[in-house]
Amino acid sequence: MTNSSRRNMELIDRYLQAVRFWLPKTNRQEDVLAELGEDLRSQIEDRETELGQPLDQAEIATILKRCGSPMLVAGRLGPQRHLIGPALFPIYEFVLKMVLLWILVPVFIFILGPVNLAYSGGNWGAAILNTFGNLWSGLFIAAGIVTLVFAIIERTSAHLGAECKWDPLKLPPVRQQERKPSLLKVLCEFGFAIFGLVWLLLLPHAPFLILGPAAVFLKAGPILHQFYPAFVLLSVVSLVRSGITLARPQWSWFPLLSQLLHSVLMLIVLNFMIEAIGKSPLAFQFVVLRDAVRDSHKYIQTAAIVNISILLSVVGTWIGVSIAAVVQTWQFIRYLRKQPSGPQRPASIATQ
Amino acid sequence: MTNSTTVGLEILENLKLELRRGCLIVAVLAQLRSEQYGYTLRKALADDGLAIDEGTLYPLLRRLEAQGLLVSQWREEDKRNKRFYRLSPTGELILKQLLEEWESINQSLNRILQEASL
């Protein structure tokens with residue numbers, strides 16, 4: 001063997017060694033490499049016969065380059081591997097979405113967020129940063145665990161049993177196509193919006209409308225006075241929203257978007273209110289005693305209970321509206337995604 | 001080249017790949033009615049217009065062997081060890097059925113194309 005052909009063979013061996021590195025260490029590894037090596041040597045031999053002279057290193061390199069990078073070749077020649085196969089992947093995707101979007105994110109925002117806020121002593125910036133920091137690492141850990149569990153199921157083929165157990169008769173009924181809000185619903189919303197606004201406007205003159213019999217000894221406190229205009233504004237927005245929905249039923253995007261904006265506005269008002277209470281937690285007063293009963297111990301206690309009840313309602317409303325805002329955002333995003341070129345439903349479903 | 005042309009070419013390449021995949025199996029089985037080793041098989045297929053790279057052929061040969069359609073044997077030829085493949089008896093039977101299926105598909109396709117051109 002000449003020096004040149006020895007160098008050529010060495011180049012092939014180096015190439016095969018690099019391929020070996022990427023191939024899984026199975027009993028077929030040597031077999032695969034021997035076959036690939038034989039193919040490459042046959043190619044070189046053929047080319048040499050064609051040219052009538054031995055190939056130089058550059059020509060050998062061209063053949064190897066055409067064959068592909070060692071990693072790529074090993075990927076093609078080795079067994080096809082995947083962490084989660086096509087049979088399990090849709091379930092994996094569904095579980096991952098559920099865990100990350102519908103469990104983890106709400107838990108962090110609505111439970112851990114307020115806890116962090118309480119521990120940070122009302123420092124919103126620090127609480128938000130802390131919550132998002134925890135959320136970020138929580139998302140990674142949860143995604144890792146879900147992936148690991150599914151990879152184990154894939155390896156143990158535990159899902160194969162479930163594959164045979166499904167029953168066509170137990171499939172859920174066909175979902176109705178999303179419809180525009182019914183006229184009756186929109187009319188009711190409009191009626192309630194008018195009623196709500198009128199009720200709100202009457203409150204300063206007729207406090208019994210909210211306090212009932214307690215209006216004899218209670219009246220609205222400073223916080224309610226401070227935020228009254230904001231609640232009137234929210235009520236007007238709600239009325240306008242219902243009016244537009246009624247007048248423009250063809251604007252299918254409007255109910256979703258306006259509902260979301262309304263929730264955001266409400267959250268802003270509630271946030272300001274909670275912040276105002278946070279600044280002087282001992283002096284918050286939604287209701288105060290009328291002058292005539294100011295010193296009555298019995299009524300002082302009642303006023304304190306009413307104030308705490310309203311405070312709890314405000315916090316509860318904040319949590320409820322926050323959850324609603326997340327859901328409405330998701331609904332609006334889903335609506336937008338469906339709009340440009342949504343998949344065609346099968347005729348039997350589309351006509352439902 | 002516009003974006004839509006690139007997308008069109010990509011789709012065409014993918015469809016061609018899908019179309020070739022099934023045909024390649026029949027072609028490999030048909031070629032291996034006579035014994036051959038990897039490189040000569042690749043050359044024979046390329047000469048007949050069905051070029052196939054190493055990364056596609058060798059896994060396919062291993063798969064067909066694992067399914068019992070091929071048998072292989074390492075043997076020395078021209079002072080080099082080569083793995084020779086040939087069709088197994090099961091492979092011969094399957095090839096016959098595949099060719100019948102191929103013929104049937106071909107006839108159906110021709111009929112559909114003729115109807116479409118009317």
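Predicted model: local features only at pLDDT ≥ 70, side-chain atom pairs only at ≥ 80, totals over all residues.
User: Which residues of H1(A) and H4(A) meet?

Analyst: On the side of H1(A) they are Tyr15(A), Ala18(A), Val19(A) and Trp22(A), and on the side of H4(A) they are Pro70(A), Met71(A), Val73(A) and Ala74(A). This contact consists of 8 nonpolar residues, with no polar and no charged ones. Tyr and Trp are counted as nonpolar here, as are Pro and Met.

User: What makes H8(A) and H10(A) roughly antiparallel?

Analyst: Helix H8 (residues 183-202) of chain A packs against helix H10 (residues 222-247) of chain A at an angle of about 155 degrees, and their axes are 9 Å apart. Angles over 145 count as roughly antiparallel. The value of about 155 degrees passes that limit, and the two helices are therefore described as roughly antiparallel. H8(A) passes H10(A) in a left-handed crossing.

User: Which residues make the contact of H8(A) with H10(A), and how many belong to each class?

Analyst: H8(A) contributes residues including Val186(A), Leu187(A), Glu189(A) and Phe190(A), while those from H10(A) include Phe231(A), Val232(A), Ser235(A) and Val236(A). Sorted by class, the contact has 13 nonpolar, 6 polar and 1 charged residues. Glu189(A) is one of the residues in this contact, and Glu counts as charged.

User: How do you know whether H2(A) and H3(A) are oblique or roughly antiparallel?

Analyst: The axes of helix H2 (residues 29-51) of chain A and helix H3 (residues 57-67) of chain A cross at roughly 135 degrees and come within 11 Å. That makes H2(A) oblique to H3(A), because only angles over 145 count as roughly antiparallel and those from 65 to 115 as roughly perpendicular. The crossing of H2(A) with H3(A) is right-handed. Here Leu40(A), Gln43(A) and Ile44(A) of H2(A) meet Ile60(A), Ile63(A) and Cys67(A) of H3(A). The contact has 5 nonpolar residues, 1 polar residue and no charged residue.

User: How do you know that S2(B) and S3(B) pair?

Analyst: Pairing requires at least two bridges. There are 8 bridges between S2(B) and S3(B), and the two strands run antiparallel. Arg75(B), for instance, has Lys82(B) in S3(B) as its bridge partner. Glu77(B) stands opposite Arg80(B), and Val71(B) opposite Arg86(B). In the hairpin that joins S2(B) and S3(B), 2 residues lie between the strands, and Asp78(B) has a positive phi near 50 degrees.

User: How many bridges join S1(B) to S3(B)?

Analyst: There are 2 bridges, and the strands run antiparallel. This value meets the requirement of at least two, so the strands count as a pair. Tyr37(B) has Phe84(B) in S3(B) as its bridge partner.

User: Why are S1 and S2 of chain B called edge strands?

Analyst: The open sheet has 3 strands in the order S1-S3-S2 (chain B), with antiparallel pairing. Strand S1 (36-37) and strand S2 (70-77) of chain B each pair on one side only.

User: What does each chain supply to the contact between chains A and B?

Analyst: Chain A supplies 14 residues and chain B supplies 10 residues. In chain B, helix H2 (38-47), helix H3 (54-66) and strand S3 (80-87) each provide at least two residues of the side that touches chain A. That side of chain B comprises 3 nonpolar, 3 polar and 4 charged residues.

User: What confidence does the predictor give?

Analyst: The complex receives an ipTM of 0.80 and a pTM of 0.56. Chain B averages a pLDDT of 91, with 97% of the residues at 70 or above. Chain A averages a pLDDT of 81, with 89% of the residues scoring at least 70. Over residues 342-352 of chain A the pLDDT is below 50, and this stretch has 5 contacts in the model beyond near neighbours in sequence.

Technical notes
Residues numbered from 1 in each chain as written. Chains lettered and ligands numbered in written order. Contact = placed C-beta atoms within 7 Å. Helix = DSSP H or I, 4+ residues; strand = E, 2+ residues; numbered from the N terminus. pLDDT = per-residue confidence, 0-100. Axes fitted to C-alpha atoms, helices over the stretch in contact; angles between N-to-C directions. Parallel < 35°, antiparallel > 145°, perpendicular 65-115°, else oblique. Left-handed = near helix turned anticlockwise from the far one by under 90°.
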